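The sequence and structure are shown first.

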Amino acid sequence: MKKTVTALVWVIASGSGHSHDLTALPLGDGKLSQSPKVGWIWACHTDPQAGGAQRAGPWINTAKGTYDATAKPVVPGQVSWPSQFRLSVQQDQRVFSSNDLPSHPTGSFPIPSSSDAYRYDRNPNSIAAQTMQVALPLWPELAAQPTCVPGAIGFLLSGAVLFNALDAPGRDAVAHETQDACQGHPQESGVYHYHNLSNCVADKREPAGHSALVGYLLDGFGIYGPYGEKGQALASKDLDECHGHTHTISWEGKQVTMYHYHATPDFPYTAGCLRGSYKQSDVTTISGPRPQRGMGGPGGRNQPPGMQQQGGGTPQGGGPGGPGGAPPDLNRVAAALGIGVQKLRDAMGPPPPDLQAAATKLGISVDALQSALNAAR
Ligand SMILES: [Zn+2]
Ligand SMILES: [Zn+2]
């Protein structure tokens, strides 16, 4: 299929506020912080060794540090899915259950080899139904301190998952990866996800101009489209370090003054950190199951960018698997090594694990780590 260009508007602007030149959006590469910072992202994990896009596309202007979102190839296709998505209120919780198949059509995945997108991003993954259920606080509260963003950070009202702005090596995923016309694509275990606000999720603006709710993040706070109070077009610099602000919004049918996030057209697009607390198990749930492959398996070149679970920890309390076999129980591994499980997880990083690096971080031998892993399988 011939190259499809994201047409529509070249400049998003409204009566007031910031305008974004979509042909020269700032590239987010390198805007990784270790603490909350406006316009940057504080990610829990990145893996510089992970696979990236095969090559930088011509829409990226490295010298200027910008990219042309209107010139990026779009993954072609128009595939419909049996979306099963439900939001329900159960006492003081909002229960999200979804098969992650979006309510809008997707592109064809794996990316067709005949497409222009394939020249830059050979995402070999297919979209697969998931089983997701998470319960979020109906009335979320700010935590004492913000926290870093995991890989999977929430979901949009299409029923599909929202990941943070980064690909696996920690670059600007929206700039580098190719997505379909709804800004989504699947990762290794088939989880269809976005790295920014999908334009297939309606932003029905409220009468006063503020964007509509477009999803929820894992701390329970809502995320809204790119327009703030009185319809002001927002940029990241208009928001706090975590990409949100507080003012009166309608929430559960009431007018309340409450924190909320906004999506913007500029990096980091959605949350740069999380202001409420979240459960690691929810991250695991919406990150999808660990891909069925052994260490040292298909990785390297064909490893699609951004396809690894970032910061998502590992499913079902398991850990990075070895070649074949069940994943080890990280709690047992940590106990055997006499360290905390979080320290172990941090050292192991996102899958696939680099045992040499992990052992170095932990100050133990690779053999010791390997045998502890094997014993806990
Ligand atoms: Zn707002
Ligand atoms: Zn991705």
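Which residue just after α2 takes a positive phi, and of about how many degrees? The residue is G288, with a phi of about 85 degrees. Helices here are DSSP runs of H or I with at least four residues, strands are runs of E with at least two, and both are numbered from the N terminus.

The model is predicted: local features need pLDDT of at least 70, side-chain atom pairs count only at pLDDT 80 or more, and totals for chains, interfaces and linings use all residues. Residues are numbered from 1 along each chain as its sequence is written, while chains are lettered from A and ligands numbered from 1 in the order in which they are written.

Helix α2 (280–287) is largely enclosed by the rest of the structure, because six of its eight residues are buried. A residue is buried if 20 or more other C-beta atoms, placed from the backbone, lie within 10 Å of its own, exposed if 12 or fewer, and partly exposed in between. The buried residues of α2 are D282, V283, T284, T285, I286 and S287. Their cover includes β8, β9 (152–156) and β10 (161–163).

**Nonpolar cores**

A nonpolar core is a set of buried Ala, Val, Leu, Ile, Met, Phe, Trp, Tyr and Cys residues joined through C-beta atoms within 7 Å. The largest has 60 residues, and V149, I153, F155, V161, V214, L217 and A271 have the most contacts inside it. At least two residues of this core come from each of β8, β9, β10, α1 (173–176), β12 (192–194), β13 (213–217), β14 and α2. A second, separate core of five residues includes L330, A347, M348 and A358.

Contact means that the C-beta atoms of two residues, placed from the backbone, lie within 7 Å. Leaving aside residues up to four places away in sequence, F155 touches F96, S98, A160, V161, L162, G215, Y216 and I286.

**Backbone features in loops**

Most residues other than glycine have a negative phi, and most peptide bonds are trans.

One joins F109 and P110, with omega about 0 degrees, and P110 lies in the loop between β7 (93–98) and β8 (132–137). Another runs from F267 to P268, with omega near 0 degrees; P268 lies in the loop between β16 (254–262) and α2.
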